Amino acid sequence: MAFELPPLPYDYAALEPTIDEATMKVHHDKHHQTYVTNLNGAVEKHPELGKKTPEELLADLASIPEDVRATVRNNGGGHVNHTMFWQIMKPKGGGEPSGEIATQISKDFGSFADFKKRVVATTAKQFGSGWGVLVFQGGKLEIATKPNKDWPLSDGLPPTLANDVWAHAYDL
Ligand code: MN
């Protein structure tokens with residue numbers, strides 16, 4: 001297989017009580033696995049796609065053969081965004097950032113508390129399934145939302161932070 005499901009970097013129950021074990025199991029083992037399986041299905045039809053990283057595929061969707069472009073966009077997107085999502089969370093994580101990112105947040109949002117309010121207000125407005133993302137553009141941090149499994153990398157912007165706002169991320 002060209003692409004593989006990365007193991008969750010902590011136990012399924014490690015993020016409780018914020019995210020419960022059952023949600024993490026379904027989200028990682030079922031949803032993320034499905035994106036990987038579907039992406040591999042596209043590679044079976046076009047083996048040359050398997051020589052690229054999923055990030056490279058998303059960064060140049062126009063080069064993907066038309067018959068699998070939507071599959072790569074949705075399932076390559078699902079693979080890349082969930083891989084990042086598992087890595088940016090951790091048991092007993094959270095708290096205020098320090099260093100350059102803290103300075104940039106203060107500069108662009110006033111304070112960390114204001115930044116948090118803006119993240120919640122912006123991502124809560126995403127209608128239907130999608131992702132809340134933090135991107136760095138033109139020397140400035142911006143909070144945005146992307147529908148479905150679209151990823152800012154397809155607009156040339158690697159996200160700094162991303163939050164899954166699909167119902168499957170929290171509904172259990
Ligand atoms: Mn998800």
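Four salt bridges are found in a search of the whole structure. The model is a predicted one.

Asp 150 and Arg 73 form a salt bridge in which the closest N and O atoms lie 2.8 Å apart. Asp 150 counts as buried, because its relative accessibility of 11% falls under the 20% limit. Arg 73, at 39% relative accessibility, counts as partly exposed.

A salt bridge also joins Lys 25 to Glu 21, where the closest N and O atoms are 3.6 Å apart. Both residues lie in helix 1. Because they are four residues apart there, about one helical turn separates Lys 25 from Glu 21. Lys 25 is partly exposed, with a relative accessibility of 37%. Glu 21 is partly exposed as well, with a relative accessible area of 31%.

Asp 114 pairs with Lys 117 in another salt bridge, and here the closest N and O atoms are 4.0 Å apart. Helix 5 (residues 112–124) holds both Asp 114 and Lys 117. They are three residues apart, about one turn of the helix. Asp 114 has 32% relative accessibility and counts as partly exposed. Lys 117 counts as exposed, because its 59% relative accessibility is over the 50% limit.

Three of them form an open sheet in the order 2-1-3, and the pairing is antiparallel. Strand 2 and strand 3 are the edge strands, each pairing on one side only. On average, neighbouring strands of this sheet are turned by 20° against each other, direction ignored. Strand 1 and strand 2 run antiparallel and are joined by eight bridges.

Nonpolar side chains tend to be buried together in soluble globular proteins. In this model, the largest nonpolar core has 30 residues. Met 24, Val 72, Met 89 and Trp 151 touch the most other members of this core. Two or more core residues come from each of helix 1 (21–45), helix 2 (54–59), helix 3 (66–87) and strand 1 (130–137). Helix 3 gives the most, with six residues.

Trp 151 has contacts beyond its neighbours within four places in sequence. Its partners are Leu 58, Val 80, Asn 81, Met 84, Trp 131, Val 133, Lys 146, Pro 159 and Ala 162. A second, separate core contains seven residues. Among them are Ile 105, Phe 109, Phe 115 and Leu 134.

Note on methods:
Residues are numbered from 1 along each chain as its sequence is written. This is a predicted model: local features need pLDDT of at least 70, side-chain atom pairs count only at pLDDT 80 or more; totals for chains, interfaces and linings use all residues. Side-chain values use heavy atoms; hydrogens and water are left out. A nonpolar core is a set of buried Ala, Val, Leu, Ile, Met, Phe, Trp, Tyr and Cys residues joined through side-chain atoms within 4.5 Å. Buried means under 20% relative accessible area, exposed over 50%, partly exposed in between (1.4 Å probe, protein chains only). Contact means heavy atoms within 4.5 Å. A salt bridge is a side-chain nitrogen of Lys or Arg within 4 Å of a carboxyl oxygen of Asp or Glu. Two strands pair if DSSP finds at least two bridges between them. Axes are lines fitted to C-alpha atoms, for helices over the stretch in contact, and angles run from 0 to 180 degrees between N-to-C directions.
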